[in-house]
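Hi,

Here is the structure I promised to pass on.

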Amino acid sequence: MKEIKILCVYDGYITKDIMSGMKELEKFGAHITMINDDQIKNVGDVTNRMLLLEQKGIAEAPTCRTLLENCSDKEILVVHCTSVNKEILEACSKLQAVVVLRGGIENVDSSELAKRQIPLMNASLRSADAVSDAAVGMMIAENKNIARSHHYMKEGRWVKSYINQRYIRNMNKCTVGLIGYGAIGSRVAKKLKGFESQILVYDPFVSKEQIEKDGVKVVELDQLLETSDFVSVHLRLSDKTKKFMGKREFAQMKKTAYFINTARAGLVDTEALTDALKNREIGGAAIDVFDQEPLPKGHPYLNLENVTLTSHLAGTSSDTPVVSVEIGVQKLKDYLTRMAEEDNEED
Ligand SMILES: NC(=O)c1ccc[n+]([C@@H]2O[C@H](COP(=O)([O-])OP(=O)(O)OC[C@H]3O[C@@H](n4cnc5c(N)ncnc54)[C@H](O)[C@@H]3O)[C@@H](O)[C@H]2O)c1
Ligand SMILES: O=C(O)[C@H](O)[C@H](O)COP(=O)(O)O
């Protein structure tokens, strides 16, 4: 079996222990080197790096010096959120494939890889269960006033009456609108089916047939916004989806509806959402992701009763980093097997 040199870069989220699952690939001829991303020390740094990449792009991402110093003879790079930018790619003359242990691929110069016809593999489903659990949890928490009641009880208050009790329905009578039907959106739908909610979906990039085979209904965005009791956004942030939810969209929502954001803050015009919440143009919101993290003191959300906030933890689960590596290992096994078969055919 031909030896193939793989360089794995771990960071504050994917640790050396977790990355050691890659050793399984030695049976497939891999020689594995593991290094640490010298700029990332903890999970907070990982989140900040992701946000920087999504907002500013790969060109502004700093280069990991340890990666640069160790990559020249490597055939495969495995990274989590470490940047695989032009400087790194120029140094990788032997590169045959790149594996990103996350769903988003913003940390990799994918157009440069495409030019060089180098395959890029990712772990798109790795946190889909964690985030979809969180989105469904947020809907139920709003419906049942769990966070608000908890907050009051901590203050010694026994509050029995909440504004939404006049109109909120049980989940089996609620309509949930999902914007984006990828890894996470589709899992939210699957989980909500157990609650017998009516599910509406807007995602023009997935075929109607594929979505409707899950027993949910494809609608136009206007209909989704106008008729849903919960509007949950599950898009990737890009130039095209920036501020997808603005003044107009919040105005279209029912006055009693909740907006759920476990995706990215940049998808939303924060000022428009704040106004809609303040003026009770929508029922409320549950939000996990913010323009600035940690959320700065005095942020308007903090003074609103009809908003529930979590500190960017929807994707956090002890399973997520492990699943990332499992997916990466499986994709690499398939890749190495294919390469070995092609080599055999040529011989
Ligand atoms: N809060 C967290 O901890 C956390 C963790 C992981 C992921 N996320 C975020 O969750 C979001 C969803 O991730 P995913 O893995 O499901 O992404 P995905 O790429 O699998 O799905 C995105 C979907 O959006 C659709 N889409 C794109 N443009 C659209 C448009 N204009 N209108 C409607 N649909 C459109 C795509 O067709 C795709 O199906 C991302 O923003 C991701 O960064 C958050
Ligand atoms: O915390 C998050 O939001 C995620 O861990 C990360 O930023 C995105 O993960 P992905 O969906 O790209 O796997």
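**Around ligand 2**

Met50, Arg102, Gly103, Gly104, Arg126, Arg236, Arg264 and His312 surround ligand 2, where a residue counts as near a molecule if one of its heavy atoms lies within 4 Å of it. Before going further: this is a predicted model, so local features need pLDDT of at least 70 and side-chain atom pairs count only at pLDDT 80 or more, while totals for chains, interfaces and linings use all residues. Residues are numbered from 1 along each chain as its sequence is written, chains are lettered from A and ligands numbered from 1 in the order in which they are written, and side-chain values use heavy atoms, with hydrogens and water left out.

By class, that shell has one nonpolar, three polar and four charged residues (nonpolar is Ala, Val, Leu, Ile, Met, Phe, Trp, Tyr, Cys and Pro; charged is Asp, Glu, Lys and Arg; the others, Gly among them, are polar). An oxygen atom of ligand 2 sits 2.7 Å from a polar backbone atom of Gly104. On its own, ligand 2 has 340 Å² of accessible area, and the protein covers 85% of that (Shrake-Rupley method, 1.4 Å probe).

**Around ligand 1**

Ligand 1 has 25 residues around it, the closest being Ile184, Asp203, Leu235, Thr262 and Gly315. They split into 13 nonpolar, eight polar and four charged. Backbone atoms come up here: an oxygen atom of ligand 1 lies 2.6 Å from a polar one of Leu235, and a backbone N or O atom of Ile184 is 2.8 Å from a ligand 1 oxygen. For Ala183, the corresponding distance is 2.9 Å. The protein covers 83% of the 860 Å² of accessible area that ligand 1 has on its own.

**An aromatic pair**

There are four aromatic pairs (ring centres of Phe, Tyr or Trp, using the six-membered ring of Trp, within 6.5 Å). Phe230 and Tyr258 form a stacked one, at 5.8 Å centre to centre and 25° between the planes (stacked means planes under 30 degrees apart). Phe230 belongs to strand S9 (residues 230-233) and Tyr258 to strand S10 (residues 258-261), so the pair ties together parts 28 residues apart in sequence (strands are DSSP runs of E, at least two residues, numbered from the N terminus). Phe230 is buried at 0% relative accessibility, and Tyr258 is buried too, at 2% (buried means under 20% relative accessible area, with a 1.4 Å probe and protein chains only).

Cheers

Technical notes:
Polar contact = N/O pair within 3.5 Å; in protein donor to acceptor, adjacent residues only side chain to side chain. Phe/Tyr/Trp six-rings, centres within 6.5 Å; stacked < 30°, edge-to-face > 60°. Helix = DSSP H or I, 4+ residues; strand = E, 2+ residues; numbered from the N terminus. Buried < 20%, exposed > 50% of the residue type's maximum accessible area, 1.4 Å probe, protein only.
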